[in-house]
2 protein chains.
Amino acid sequence: MSDPVETIDETAEAAPSVDVPAQLIADIVEALLARDTAGLLALFEELHPADAADAIEQLTWEQQVLLVELAPELLTGPVLAELVEETRADIAGVLEPRHLAEAIQGLDSDDMTMIVEELDEAKREAVLAELSEADRIQLETSLAFEEDTAGRLMQREFVAAPHFWNVGHTIDHMRKAGEDLPYLFFEIFIVDESFKPIGVVPVSRLMRTKREVPLSELMEPNHVIIRPEIDQEEAAYLFEKYHLISAPVVDEDGRLSGMLTVDDMVDVIQEENTEDLYALAGVNDASLADTVFSSVKSRAPWLLVNLGTAVLASGVIALYDDAIAQLVALAVLMPIVASMGGNAGTQALAVAVRSIASRDLTVSNSMRVIWREFAAGAVNGLIFAVVMGLVAGLWFQNAALAWVIAAAMVINLACAGLAGILVPLGLKRFGADPAVASSVFVTTVTDVVGFFAFLGLGAMVLL
Amino acid sequence: MSDPVETIDETAEAAPSVDVPAQLIADIVEALLARDTAGLLALFEELHPADAADAIEQLTWEQQVLLVELAPELLTGPVLAELVEETRADIAGVLEPRHLAEAIQGLDSDDMTMIVEELDEAKREAVLAELSEADRIQLETSLAFEEDTAGRLMQREFVAAPHFWNVGHTIDHMRKAGEDLPYLFFEIFIVDESFKPIGVVPVSRLMRTKREVPLSELMEPNHVIIRPEIDQEEAAYLFEKYHLISAPVVDEDGRLSGMLTVDDMVDVIQEENTEDLYALAGVNDASLADTVFSSVKSRAPWLLVNLGTAVLASGVIALYDDAIAQLVALAVLMPIVASMGGNAGTQALAVAVRSIASRDLTVSNSMRVIWREFAAGAVNGLIFAVVMGLVAGLWFQNAALAWVIAAAMVINLACAGLAGILVPLGLKRFGADPAVASSVFVTTVTDVVGFFAFLGLGAMVLL
């Protein structure tokens, strides 16, 4: 027999790589170009599926196609599950249905569902036809739940025990079930006679308790029982809040039907964070794997909206074209007022969107936070009124102009604070995502208010 | 004996609350104002520590002080551990050192460290003096690691077994150790003779394996062994990538000294996501619990930087004041070019920052992504050149002006795409956080390029 300690130590030293080494990518590309299948297989042999997926993501699309052609066996179920969605969808598009069906068979039901749901209609049918009856039925049940719900995300492999069993029964049963159990599980769900979850026993707890203790004495209440129709974001929030490792999912009659696990929730949390960040930046659903065309497609709509609001702001300026013609300093300074307002609004907005996502901003404290944002905006407005008043006064040697820009700064920064908190709260009130479109609304407010305040006051005072 | 099933079912139904009910907060405030300690204790009695913490966070500072005065016993260790940092620091400031020391004694070492590290010098000394010698030494060891490192975050309670034990030994040992084991654990770390981690056995695996199987046969290699000095963000990334539940932390000699767990990593992930979002929005370290003063303090520095860049952009406009005086339409339209560039730059920036954070953007693919961002910017520039050319031409009945704004749009959006990717990559290259300050740099580029291109071309072509 080989010495397992030795082997393991080596793997352990090679493994904790945060980034895929550039050398590995270079070697893979070289093997691809040389059509060296054996070399390719050797390069991937020692990689964790997550590292293999990372390496594949670094290849160009042409290289990925070549990889599929030379060594489709590298695209195992676990590697497919680790790929980012766009790359996985592209690669699944060129894999044979039979290969796909074989690759996903050993996966947990949640990963299997994720891969199949991304296939196009024809491919999905072909893959389903290659699967066993049991897998097919399970998949179809999962796919019946809406996208991004707990039902889609749950795995159907879990361990449950009736509350009247004791520790000894449970351990004996698990030893007997052996390989039929999920590959990994951390908690045993305790169910009543009608298979409704009534508690949970961490495996570590079971392990250190005497055989004769009944599960009903050992179990803790379920802090969370998840209904399959809830949004994945809500499920992830519950995991985060209660520090859960796994949670039971029930069907409409309250019977245990699946389980969510924390590693999937970590992915959901990252997905939702990315969505929020992109929504604030005005990008739809982007990925690094995007082509130029899909990048344009995901950004142009928001640029169009921005163009509309920019033209609106220009309309405000056009109202004061006479004033500008008489005093060009107004045109020189007006972008400063708008830019400071936009910046202050974005600051308030980021804090608000984050606080709404983390459920810290609620009905009970929203009045207090609205007031704080208004006050913080006004105070910053006063500070930068002084600074900008001095700058403008010295630059253009015009005291009245200094007073005008100072006043416009206070007005615009106070409005920016208000808009930064009221826009996302308003979107949420109407059931919309508080991050989507909110920065466009906020900068529209700060542009329009900024130009109106500065040019309007300027026209009144200076001409 | 009571019927545990009944009790548990009730709790389970009451518990999965995403938000703290507004009614509960109202009741708590009422009890506080009436100085009704018994009522207060009753309201908190059934709450999970996470819900109790959420409720406390919804109170005003005056109400929180009153709560500490009336019922300090509500601030148990677990409740303190669940509070957001700012609220916890404020409340710890008004709690007696003796109470704090008692409250944290039962906590895992990572939570204990988190609470103590936030105390001011004097309070920390007083609390340390109240702790047992063992706790104090452990705390001081943890505090010796730098903030935001794996060493600070690890807990010192874990379960390890020598590789030459078999399943039976291990289970018997754990039964005997009983209450001395950590409250929850999911994996057993396997160590060699010098206590170096060489593998891991999930508890569920141990449970379903025959007693005589040696651990060395059962264990899987450690994909990840964490050194205590690495940044918490890197540790969290490893958890995310390899779907870890726990991971061993070693000392400088490679000996097992602690453990990181996934629930703490979820908190780190959220912390880092918030930091990135705030960095992009130009907010330092904000919290919903902030006062007006601290909000101003966390935002004014970035507003000042923004003011500097806005004045710089105004300087560009001032170069063309003659042109503007002759053709005011230039002043009316110029903010559109700048705004579209800023927007396109922010889009590219958000995708880049996210891709760097998720380690998808690397040395191997950065040239490809830079090209894509430039091309996507140029294509969007062409699209909006046509749109804006038409709008400007119709608005001002001036074909030359239409051509000028169209050309400026292409130039600025292509530069925006480039700036959006090159600025964060450049910051990263120089070891800086790619999110911090990057949006200021990008909008400076798009403002300056936008005004130069539009006004410069306008002055050349139109006058």
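Predicted model: local features only at pLDDT ≥ 70, side-chain atom pairs only at ≥ 80, totals over all residues.

Q: Where does A:Phe195 lie?

A: A:Phe195 belongs to the loop between strand E2 (187–191) and strand E3 (197–202) of chain A. Its backbone has a positive phi of about 65°, although A:Phe195 is not a glycine.

Q: Which residue of chain B has a positive phi of about 50° although it is not a glycine, and is that residue buried or exposed?

A: B:Gln397 has that phi. At 66% relative accessibility B:Gln397 counts as exposed, because the cut-off for that word is over 50%. B:Gln397 is placed in the loop between helix H21 (366–396) and helix H22 (399–429) of chain B.

Q: How do I read the build of a whole chain?

A: Begin with the elements: chain A has 23 helices and five strands. Then take the radius of gyration, which for chain A is 30 Å, well over the 23 Å that the globule rule gives for 463 residues, so chain A is more spread out than a compact globule. Along the principal axes, its C-alpha atoms fill a box of roughly 90 × 65 × 45 Å.

Q: What percentage of the residues of chain A count as buried, and what does its surface consist of?

A: Of the 463 residues, 57% count as buried. The accessible surface of chain A is about 18,900 Å², and carbon and sulfur atoms hold 57% of that surface. As for contacts in chain A with a separation of 6 or more, 67% are between residues 24 or more positions apart.

Q: How do I read the relation between two copies of a chain?

A: Two copies of a chain are related by a rotation about an axis and a shift along it. Here a rotation of 180° with 0.0 Å of shift superposes chain A on chain B, with an RMSD of 0.1 Å. That is the relation of a two-fold axis. The same surface serves both copies, as 100% of the contact residues of chain A recur in chain B.

Q: Which residue of chain A comes closest to the rotation axis?

A: A:Ala325 does, with its C-alpha at 2.5 Å.

Q: How do I read a buried residue that has contacts in the other chain?

A: Take its element, its accessibility and then its contacts. A:Asn380 lies in helix H21 (residues 366–396) of chain A and is buried, with a relative accessible area of 3%. Setting aside neighbours within four places in sequence, A:Asn380 is in contact with A:Leu413 and with B:Val296, B:Arg299, B:Ala300 and B:Leu303.

Q: And a helix in its surroundings?

A: In helix H4 (residues 49–57) of chain B, eight of the nine residues are buried, so the helix is largely enclosed by the rest of the structure. Among these buried residues are B:Asp51, B:Asp54 and B:Glu57. The buried residues of H4(B) pack against helix H16 (232–242) of chain A, and against several helices of chain B, including helix H2 (22–33) and helix H3 (37–45).

Q: Which residues of helix H8 (residues 97–105) of chain B are buried?

A: They are B:His99, B:Leu100, B:Ala101, B:Ala103 and B:Ile104. Their cover includes H6, H7, helix H9 (109–117) and helix H10 (121–130) of chain B.

Q: How do I read an aromatic pair?

A: Take the distance between ring centres, then the angle between planes. Seven aromatic pairs are found over all chains. The rings of A:Trp395 and A:Phe396 have centres 4.8 Å apart and planes at 25°, so this pair is stacked. A:Trp395 is partly exposed at 32% relative accessibility, and A:Phe396 is partly exposed at 25%. B:Tyr320 and B:Phe452 form an edge-to-face pair, 6.3 Å centre to centre with 85° between the planes.

Q: Where in the chain do B:Tyr320 and B:Phe452 lie?

A: B:Tyr320 is in the loop between helix H18 (292–319) and helix H19 (321–326), and B:Phe452 is in helix H23 (residues 438–462), so the pair links distant parts of chain B, 132 residues apart. B:Tyr320 counts as buried at 16% relative accessibility, whereas B:Phe452 is partly exposed at 39%.

Q: What sits over the ring of A:Tyr237?

A: The charged end of A:Arg359 does, 4.5 Å from the ring centre. In chain B, the charged end of B:Arg359 sits over the ring of B:Tyr237, 4.5 Å from its centre.

Technical notes: Residues numbered from 1 in each chain as written. Chains lettered and ligands numbered in written order. Heavy atoms only, no water. Phe/Tyr/Trp six-rings, centres within 6.5 Å; stacked < 30°, edge-to-face > 60°. Buried < 20%, exposed > 50% of the residue type's maximum accessible area, 1.4 Å probe, protein only. Helix = DSSP H or I, 4+ residues; strand = E, 2+ residues; numbered from the N terminus. Lys NZ or Arg CZ within 6 Å of the ring centre and 35° of its normal. Least-squares fit on C-alpha atoms with pLDDT ≥ 70 in both. Contact = heavy atoms within 4.5 Å. Rg over C-alpha atoms; globule rule 2.2 N^0.38 Å. Areas by Shrake-Rupley, 256 points an atom, 1.4 Å probe, with all protein chains shown as cover.
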